[in-house]
Amino acid sequence: MGIIFNNENPNHSNQKNNTNYAEGTNGTLKVNDSTIELIRKGINAKLLGLRGDKEILISSITAIQFKEPGMLTNGFIQFAFSGSNESKGGVFDAAKDENSIVFTKKNLKQFTYLRDLINNKRHELRNSNTLNNNNQTNNYSDLEKLADLKAKGIITNEEFEAKKKQILGL
């Protein structure tokens, strides 16, 4: 899958953890199990008016815009989610956008890896939600069939209750 960047936590320099992160010019992107964090520190963030950290649920991310650095420009990664207001003016506006991290060519591999990691997590969440919805639909269908058998007198109330608990996982 590529290079894995397990680094020290930028907030706790003497602690190790399994968080993946990459440092950009206007902040740091951390990828956790279910969230991403945009961490703003340093003079660049303050000059651009970006203060504080922002945490976004991976399940709520609707789009990721990724621009690789060019010959004369930096690249950026920008996150869209319901209710967000992303800049649309390219890398210069992305530097001031609270949902973007700007990075240089030397950090391209790290940010590419993190983009792919986030997209994989988004894909897994969509698949598990679809599977859960299908299982729930099947459970309701099974309960309806079970209720029909009870109504027809084919099974007893006790058998119905026992099977219902089994279907619902109670």
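**Strands and salt bridges**

Modeller: At 15% relative accessibility, E37 counts as buried, because buried means under 20% relative accessible area, exposed over 50%, and partly exposed in between (1.4 Å probe, protein chains only). This is a predicted model, in which local features need pLDDT of at least 70 and side-chain atom pairs count only at pLDDT 80 or more, while totals for chains, interfaces and linings use all residues. Residues are numbered from 1 along each chain as its sequence is written, and side-chain values use heavy atoms, with hydrogens and water left out.

Biologist: Which residue is the bridge partner of K30 in β4?

Modeller: Helices (H or I, at least four residues) and strands (E, at least two) are DSSP runs, numbered from the N terminus. Two strands pair if DSSP finds at least two bridges between them. Strands β3 (residues 28-31) and β4 (residues 35-39) pair in the antiparallel sense over four bridges, and a hairpin of three residues joins them. The partner of K30 in β4 is E37.

Biologist: How far apart are N and O where the side chains of E37 and K30 meet?

Modeller: A salt bridge is a side-chain nitrogen of Lys or Arg within 4 Å of a carboxyl oxygen of Asp or Glu. K30 is buried, with a relative accessible area of 5%. The side chains of E37 and K30 meet in a salt bridge, with an N to O distance of 3.5 Å.

Biologist: Which residue of β5 is the bridge partner of L38?

Modeller: L38 in β4 stands opposite L29. Strand β4 is also joined by four bridges to β5 (residues 54-57), and these two strands run antiparallel. In β5, the bridge partner of L38 is K54.

Biologist: With which residue does K54 form a salt bridge?

Modeller: K54 counts as partly exposed, at 21% relative accessibility. In its salt bridge, the closest N and O atoms are 2.7 Å apart, and the other residue is E98. The pair links distant parts of the chain, 44 residues apart: K54 lies in strand β5, and in the loop between α2 (91-94) and β8 (100-103) lies E98.

Biologist: How many salt bridges does the structure hold?

Modeller: Among them is the salt bridge between the side chains of R115 and D116 (3.1 Å, N to O). R115 is partly exposed at 22%, and D116 is partly exposed at 30%. The number of salt bridges in the structure is three.
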